[in-house]
Amino acid sequence: MNTSSTQTPPTFLLEAALRIEESLDTWLGEVDLPSHLYDAAHYAVVNGGKRVRPALTLFCAEAAGGTMEQAMSAAIAVECIHCFSLVHDDLPAIDDDALRRGKPTLHIHAGEAMAVLAGDLLLPLAFTQIYEGTYSPEQQVELMKELALATRDMVIGQVYDTLGGLDSSLSPTECLELIHKNKTGSLIQCACVMGGICGNATAKQQNAITEFGEIAGLMFQIVDDLIDYQGDTAHVGKTTGKDAGAGKTTYPGTIGVEASKAAVFELQTRADAILQSLGEQGETLRSFNLWMAHRTR
Ligand code: GRG
């Protein structure tokens, strides 16, 4: 496979990311906030992330036969939770990181108290996005439920990863899966499921999207670990090589680099087979899945 063309974000992702960035900017500007809190939240959110999770929400809505417009509020909600988690993850008490998305982390930029509070703010704002969106009452309940459960699981995963607490009878690979299924996979799967809800997916489509989301979440984390292991800080925009140095449980560290790469290939192929059942309207999602397997940042 020629991976050079798949490493650069494809045009459809860059276009979707731009629409997401603009929507985040417009939406945040309409929230009534003290100016320094607004500045901190804006710094955390409108800052050129890859927008993988909200893009998944948009593409899954399309794959179910809906439109990106239908899914934009849900996409913003997912990205708010993600940005919240990044701000808190970077704090001195957790990962103590100085660089995020190529810029100083929020606590370096605005101070620790503001970083804690701006992160906190993004949690309720995510949910206001859903009830302010043009969703039916049933969709609102489903969307809020999915987002709340995924956020809960993300916190559980973060606790396992940073503070431990896993059952001592579990093997290293089982620990790895449990940490990352919760910490990273849950929100990625949720982004997909929310897209299906917004696009009024049939039960069959929603099953395929849910299954794809689970695989995509795991694959995302393995690729992330490989990037951390092999990537260049300037290119990636965050400090690389940190996880191994901090003794974190990673895929390359647990199963090796080659086995990690093989797992990515196997997951990408499996996800692709699932997405084929969605037909032509799932083509963008299939291309996105391919890019996610080969991304380098
Ligand atoms: C209650 C929301 C909440 C969080 C508190 C701190 C925490 C609990 C959870 C941290 C979860 C976390 C940081 C997971 C890492 C996920 C990950 C691989 C992030 C990098 O995602 P990318 O590459 O980043 O999509 P960009 O910057 O492109 O968005």
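Student: How far from an oxygen atom of the ligand does a polar side-chain atom of R101 lie?

Tutor: A polar contact is a pair of N or O atoms within 3.5 Å. Here, a polar side-chain atom of R101 lies 2.7 Å from an oxygen atom of the ligand. The protein covers 91% of the 760 Å² of accessible area that the ligand has on its own, with areas from the Shrake-Rupley method and a 1.4 Å probe. Bear in mind that this is a predicted model, where local features need pLDDT of at least 70, side-chain atom pairs count only at pLDDT 80 or more, and totals for chains, interfaces and linings use all residues. Residues are numbered from 1 along each chain as its sequence is written, and side-chain values use heavy atoms, leaving out hydrogens and water.

Student: Which residues come nearest to the ligand?

Tutor: A residue is near a molecule if one of its heavy atoms lies within 4 Å of it. Of the 20 residues around this ligand, K50, R53, H82, F84 and R101 come nearest. K50 has a polar side-chain atom 2.6 Å from a ligand oxygen, and for R53 the distance is 2.7 Å.

Student: Which helix gives the most to the shell around the ligand?

Tutor: Helices are DSSP runs (H or I, at least four residues), numbered from the N terminus. In this model α5 gives the most, with 7 residues.

Student: Is V159 buried, partly exposed or exposed, and why?

Tutor: Buried means under 20% relative accessible area, exposed over 50%, and partly exposed in between (1.4 Å probe, protein chains only). V159 counts as partly exposed because its relative accessibility is 35%. You'll find V159 in helix α8, residues 137-163.

How values were computed
Helices (H or I, at least four residues) and strands (E, at least two) are DSSP runs, numbered from the N terminus. A polar contact is a pair of N or O atoms within 3.5 Å; within protein, one must be able to donate a hydrogen and the other to accept it, and residues adjacent in sequence count only if both atoms are side-chain atoms.
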